[in-house]
Amino acid sequence: MKQYMKLLSLCVFAATLTTSCSDILDKKPLTEISDNDLWADPALVKSFVNSRYNQIGCGANAESCQSSVVDETELAWLRSCEVNNFARLSPTDLGRMNGAWYGWDNRSWSTKWTNISNCNIFFEKIAQVSFADSEEKTRLEGQVRFIRAFEYWDLIQRWGAVPIITNSYTINDRGEIVGQKRATYKECIDFLVKELDQAATELPATWSGDDYGRATSVAALALKSRILLYAASPLMNDDVKTAEVGYTTPDPDRWKKAANAADAALQAALDAGYELYKLKSDPSENYQNIFLDNTSANKETIFARMGTSSAEGENIFTLDQYSGPNGYGGWGGNCPLQELVDDYEVVKDGVASKFDWNNPDEAAHPYDNRDPRFYATILYDGAKWQSRNLETFFNVDASGKEIGGGRDSRYGNDAWNTSPTGYNLKKYMDENYVQNSWNFSARNWIHIRLAEIYLNKAEALYNIGDENGAREALKPIRERAGMPFITASGAELLEAIKHERRIELVFEEHRYFDVRRWKEADKYFGRTMHAITIKKYPDGKTTYTVDKLRSDVGGDRKWDDKMYWLPIMKEEMDKNPNFTQNPDYGK
């Protein structure tokens, strides 16, 4: 879909080139287009729909990633992440979670509502547009219906229930606007499920050629799977305080609905030819290339925010610069935490086990024999990157006193961009990027991929008592990763499912929502985070010590239960006296 990912004004300009010059003085400015002109021309309507895709956010074009407000990474320069990490969230300061800090990810409250409003305008106007092909009109309706649902879900998963608005407003409708009330969580979920079911009937299962990347029926069913999984989770069902943030009446079938939705989405995906990415012989390479391969050969991608290279003007990836190692000229921004590194399993003799610092052999060689996904995700001391191996170690004298360090430590290039954890990102990163060139290769930000549906199915099946089915659902992911199958049962199986989501979906903006919906944020987000300190002695000895973050704010992150939901911003509450604030944030 790349050739369509251009601004609407460019399409309007191109259309004017086909007209004669005889009446040029009677023409409107080339940068303007009237409402009547737009909704009389199917080509312009398609451009309008393309612009809705452009407003969908992504997680790779900002200094601060969502991973730095959970137990995945630490942002070297804070950039409002400290508001979330130290429980300072308030209606006047949402920190990182109302969009990116210095960068563009189009995730703010206002951006979401603007796109929803434009979707509503589309549905009000589309009936008057004459299409030569009625199926084309239906497909456009399906795309906009999916996008509107996607944008609504982006609001609901952060703030809980919002007003369900399906018509557009003008300045003359102020009274109706300020009279809007938040729907209930149940009403929002029911609305999204109905919309996605309808979108699935209006969309093809796949697109080809220049249309690759558009919303599909599979994407609609996959998003429905995610929504119903969340809706069945503890946060939305256990001790719910208000109807805006969950269900106030029990329903034992919610997990069954989630399991059915995941099964239907998975079957639809497989029937349409989607499959886990396995184009390489090495499992680590397979995992790494899921996020680098932006072509139709990547059959794992179900829905993504499409991007091009910097030269083509629709680039969405800047992580190569913001988060690359400082010794290479990168800015060392979002750096993996030791807590994440320790969660990658060790595999020996076909058996996977939790990494153990009390095991002398593992402590002396902490990066050996790990889950292959570790090597595709984390840059650690000694990892091969570009023309050399990463050097985050410190040189010490015989007494252990620090006297220098590697090229990627604070003794190397651009000390202020040194990783505060001793690790750097590898997942998503382009090894061919020339630092400080800002010439980024074309990549997509994957919002939904096949692996997530397997994981959704495993969790839902577990919760309806089908443990064998849950283990079977995990097998394709573990097999692709080169990992032993999971054989656990009971509570251990649930923990294995949660662990698999942590590892498989790391940095993909799932962790923030997963830990919250499980109601385990105090356990994972309210703990002290750590770094690695590597010392090289004159005699060649190397030691690895889990140490405090090399950060001005420290690693003692805090949690407050009110942060399970974001507060409605004060400016929005002031505009509309009918809005109900989320629990424990006051009026």
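**Close-up 1. The open four-stranded sheet of the predicted model.** The strands of this open sheet of 4 follow the order E10-E9-E13-E14, with mixed pairing (two strands pair if DSSP finds at least two bridges between them; strands are DSSP runs of at least two E residues, numbered from the N terminus). Strand E10 (402–405) and strand E14 (542–548) are the edge strands, each pairing on one side only. From one strand to the next, the twist averages 35 degrees. Strand E13 (residues 530–536) runs antiparallel to E14, joined by 7 bridges; lysine 536 has threonine 542 of E14 as its bridge partner. The model is predicted, with local features requiring pLDDT of at least 70 and side-chain atom pairs counted only at pLDDT 80 or more, while totals for chains, interfaces and linings use all residues. Residues are numbered from 1 along each chain as its sequence is written, and side-chain values use heavy atoms, with hydrogens and water left out.

**Close-up 2. Strand E12 and its pairing with E2.** In strand E12 (residues 445–449), 5 of the 5 residues are buried, so the strand is largely enclosed by the rest of the structure (buried: under 20% relative accessible area, with a 1.4 Å probe and protein chains only). Strand E2 (residues 301–305) and E12 run antiparallel and are joined by 4 bridges. Alanine 304 has isoleucine 446 of E12 as its bridge partner.

**Close-up 3. Packing of helices H5 and H6.** Helix H5 (residues 109–125) packs against helix H6 (residues 134–159) at an angle of about 150 degrees, with the axes 9 Å apart (axes are lines fitted to C-alpha atoms over the stretch in contact, and angles run from 0 to 180 degrees between N-to-C directions; helices are DSSP runs of H or I, at least four residues). H5 is therefore roughly antiparallel to H6 (angles over 145 degrees).

Definitions and conventions. Parallel < 35°, antiparallel > 145°, perpendicular 65-115°, else oblique. Buried < 20%, exposed > 50% of the residue type's maximum accessible area, 1.4 Å probe, protein only.
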